[in-house]
Amino acid sequence: MQLLEFEKPIAELERELEKLRSKTSSQNIDMSEEIAMIEDKLAATRLAIYETLTPWQRVQIARHTQRPFMLDYLAHSFSDFCELHGDRRIGDDHSMPGGFARIDGRAVVVIGHQKGRDTKENLLRNFGSAHPEGYRKALRLMKLAEKFGLPVVALIDTPGAFPGIGAEERNIAEAIARNLREMMVLRVPIVAVVLGEGGSGGALGIGVADRVLMMENAYYSVISPEGCAAILWKHRKHAPEAAEAMKLAAPDLKELGLIDDVIPEPVGGAHHAHDEAAEAFKGAVLKHLDELCALSVDDLLEKRYTKFRSFGEWLEA
């Protein structure tokens with residue numbers, strides 16, 4: 001598994017523990033006291049590292065290649081997924097899967113960004129960066145959800161919308177802007193969950209929701225820390241400082257009132273225990289769907305409008 005820089009002290013203790021256990025097994029030597037001491041030290045080190053993660057460390061966890069992606073959550077938390085393809089204009093975008101599914105027996109429409117774990121899959125999924133067709137497909141599926149009275153669950157995990165020439169030629173800015181407008185008045189409940197990266201308009205293009213949730217080690221920001229550092233400090237090495245200043249981590253955004261809930265992850269991040277992360281994800285989504293589905297359409301739309309109008313803080317002299 002990919003080892004992050006700040007996790008190296010944990011890995012060293014794990015190797016030391018494994019050596020002691022191996023020695024006990026192979027040489028029949030009682031090393032229970034030494035093993036217990038290392039286990040205590042390992043537990044304390046894990047606690048010290050994972051309970052005091054910096055925003056930049058959370059960004060690194062959010063980008064971990066073994067972290068569960070959209071289709072992993074679909075497999076663990078949903079059933080009866082029926083994928084629908086194409087935007088009915090240009091083609092299909094494999095970086096934005098979507099379709100009908102059930103969660104705990106409740107029928108929903110699920111859309112989201114999908115990344116890849118190897119080169120071949122990343123090329124297929126375009127590294128999780130959707131083209132205009134992806135956003136138009138997402139809107140087509142949301143309109144289907146509205147037609148059949150089904151809630152929408154949007155799963156966000158993208159460094160940003162694809163910035164290539166072809167995407168500009170097919171008007172990606174218009175596709176995202178249309179989604180923002182249409183999601184604001186969609187007459188069914190919308191729950192959005194930031195699974196890992198929530199980058200810029202690429203994330204917001206499916207992120208206008210009645211409830212916006214974030215996995216504990218995800219981030220949600222108008223620009224990447226590296227991009228911010230390159231603009232403000234003229235060098236990407238200042239990314240950790242940028243991440244701190246930008247308040248992009250889930251706890252900061254919850255405190256600012258920009259998201260509605262933080263979904264706890266297993267110790268060390270969701271990539272250490274997919275099942276446990278998916279169970280927490282499922283519980284949070286169901287809780288908010290139950291609350292939203294109890295509202296009338298008029299109340300739902302009014303609360304959504306009020307939610308986004310209330311964002312921001314001002315200081316008056």
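Predicted model: local features only at pLDDT ≥ 70, side-chain atom pairs only at ≥ 80, totals over all residues.

Student: What radius of gyration does the chain have?
Tutor: The chain has 317 residues, so a compact globule would come out near 20 Å. The chain's own value agrees with that: 21 Å.

Student: How many helices and strands does the chain have?
Tutor: These are DSSP runs, numbered from the N terminus: helices are H or I with at least four residues, strands are E with at least two. Counted that way, the chain comes to 14 helices and eight strands.

Student: What share of the residues of the chain count as buried?
Tutor: Buried means under 20% relative accessible area, exposed over 50%, and partly exposed in between, with a 1.4 Å probe and protein chains only. Of the 317 residues, the buried share is 49%.

Student: How many salt bridges are there?
Tutor: We look for a side-chain nitrogen of Lys or Arg within 4 Å of a carboxyl oxygen of Asp or Glu. By this rule, the count is 22.

Student: Which residue does arginine 63 meet in a salt bridge?
Tutor: The N to O distance of this pair is 3.1 Å. Arginine 63 sits in the loop between helix 3 (55-62) and helix 4 (70-77) and its partner in strand 5 (residues 190-199), so the pair ties together parts 134 residues apart in sequence.

Student: Are aspartate 210 and arginine 304, which form a salt bridge, buried or exposed?
Tutor: Their closest N and O atoms are 2.7 Å apart. Aspartate 210 is in the loop between helix 9 (200-204) and strand 6 (211-215), and arginine 304 is in helix 14 (residues 297-309), 94 residues apart. Both are buried.

Student: Which residue does glutamate 291 meet in a salt bridge?
Tutor: Glutamate 291 lies in helix 13 (residues 274-293) and its partner in strand 6, so the pair ties together parts 80 residues apart in sequence. Glutamate 291 is partly exposed at 37%. Its partner, at 2.6 Å from N to O, is arginine 211.

Methods: Residues numbered from 1 in each chain as written. Heavy atoms only, no water. Rg over C-alpha atoms; globule rule 2.2 N^0.38 Å.
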